[in-house]
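Work through the exercises below with the sequence and the structure at hand. Each task is followed by a solution in steps.

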Amino acid sequence: MKKILALIVCAMLLLSCTAALAEKVGVSMPTKDLQRWNQDGAYMEEKLKEAGYEVELQFASNDVPTQLNQVETMIDNGCEVIVIAAIEGSSLGTALDKAGEKGIPVIAYDRLLMDNGNVDYYATFDNYSVGTVQGTYVKDALDLDNAEGPFVMEITAGDPGDNNARYFYQGAIDVLKPYIDAGKIVVPSGQIEFDQVATPTWKTDVAQKRAEDILTANYAGGEKIDAWLCSNDSTALGVTNALEANYGADNWPIITGQDCDIANTKNMIAGLQSMSVFKDTRTLADRVVTMVGQILAGEEVEVNDTETYDNNVKVVPSFLCTPVFADANNYQEILIDSGYYTEDDLK
């Protein structure tokens with residue numbers, strides 16, 4: 001009996017020591033208000049725990065001071081690596097300075113942290129390619145190289161505080177601008193430049209209000225819109241909401257998106273959104289878990305881009321995952337067969 005008790009005590013001590021030795025990783029997500037950040041945070045937490053790490057996961061309710069405080073608390077709580085998806089890329093300088101002073105590596109997650117040298121790595125998708133995929137989809141759907149036109153288009157881009165938003169926009173515009181310059185695409189609102197078409201905080205209601213204003217000012221007679229280029233799904237949802245009052249299946253425009261949110265995927269199936277760029281965040285989270293492991297093991301961290309992402313202080317070594325697009329024709333294969341969603345999720 002004494003031997004059994006001794007073995008139990010030893011096992012408990014071993015478990016206690018193992019827990020005490022578990023390296024701690026901080027994960028800071030911007031908000032729970034968008035589906036994708038909930039998924040990213042939960043999946044990364046799961047995979048980091050499976051890899052044996054203790055995880056401190058926080059969501060900042062789209063409030064920069066809250067995120068700043070959360071990241072500083074992660075530093076004080078002994079996190080040895082911190083992963084940050086920033087609300088606003090230039091607003092976490094004091095926390096990044098603190099991480100640098102303590103020698104804590106920082107990985108920027110899908111949004112580049114700007115204006116600070118204490119950003120060690122960046123994990124994201126090829127964001128310029130996201131825009132290229134969207135622009136190419138519009139080009140092909142309208143057959144711009146062969147059709148006579150002109151075609152009518154409006155543009156809704158992303159948050160000026162998110163460095164990625166300009167990459168999405170530029171990738172799409174670089175595809176479509178030649179057709180705008182040639183008059184094959186016309187933009188009746190005249191709003192083409194990024195600062196004119198941006199959507200602060202990516203919010204659906206902000207995108208919807210701007211779309212309603214554009215429709216009132218330029219389409220009061222029910223003029224046809226052939227395409228509405230939207231940088232992501234939350235903005236596409238706002239545009240769709242604005243259009244539903246006066247547009248139907250016979251004159252519904254091409255609408256682009258990004259993230260394959262459930263509501264937008266349902267809209268694709270229903271014909272209310274044409275496509276959405278799918279960035280499988282499981283792939284991105286898995287990459288970050290790998291990077292964390294390499295950092296904590298003192299190994300060389302694998303990256304595949306050392307030239308593109310300049311945060312105004314340094315070019316941040318990056319790993320870029322490859323995006324694809326989903327639409328009504330392939331969503332089953334890309335989203336359901338892969339296990340990302342179930343059939344019930346999309347009913």
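Helices (H or I, at least four residues) and strands (E, at least two) are DSSP runs, numbered from the N terminus. The model is predicted, so local features need pLDDT of at least 70 and side-chain atom pairs count only at pLDDT 80 or more, while totals for chains, interfaces and linings use all residues. Residues are numbered from 1 along each chain as its sequence is written, and side-chain values use heavy atoms, with hydrogens and water left out.

**Exercise 1.** Locate Leu335 and state whether Leu335 is buried or exposed.

Step 1. Leu335 sits in helix α12, residues 331-336.
Step 2. Buried means under 20% relative accessible area, exposed over 50%, partly exposed in between (1.4 Å probe, protein chains only).
Step 3. Leu335 counts as buried because its relative accessibility is 0%.
Step 4. Contact means heavy atoms within 4.5 Å. Not counting residues up to four places away in sequence, Leu335 touches Cys260, Thr265, Phe278, Ala326, Tyr340 and Tyr341.
Step 5. Thr265 is 70 residues from Leu335 in sequence, yet their C-alpha atoms are 9.2 Å apart.

**Exercise 2.** Describe how helix α5 and helix α6 pack.

Step 1. Axes are lines fitted to C-alpha atoms, for helices over the stretch in contact, and angles run from 0 to 180 degrees between N-to-C directions.
Step 2. On this basis α5 (residues 127-141) and α6 (residues 163-181) pack at about 35°, with axes 7 Å apart.
Step 3. Residues in the contact include Val130, Gly131 and Val138 of α5, and Phe168, Gly171 and Leu176 of α6.

**Exercise 3.** Find the contacts of Ile180 beyond its neighbours within four places in sequence.

Step 1. Ile180 lies in helix α6.
Step 2. Ile180 is buried, because its relative accessible area is 14%.
Step 3. The contacts asked for are Met153, Ile185 and Ile192.
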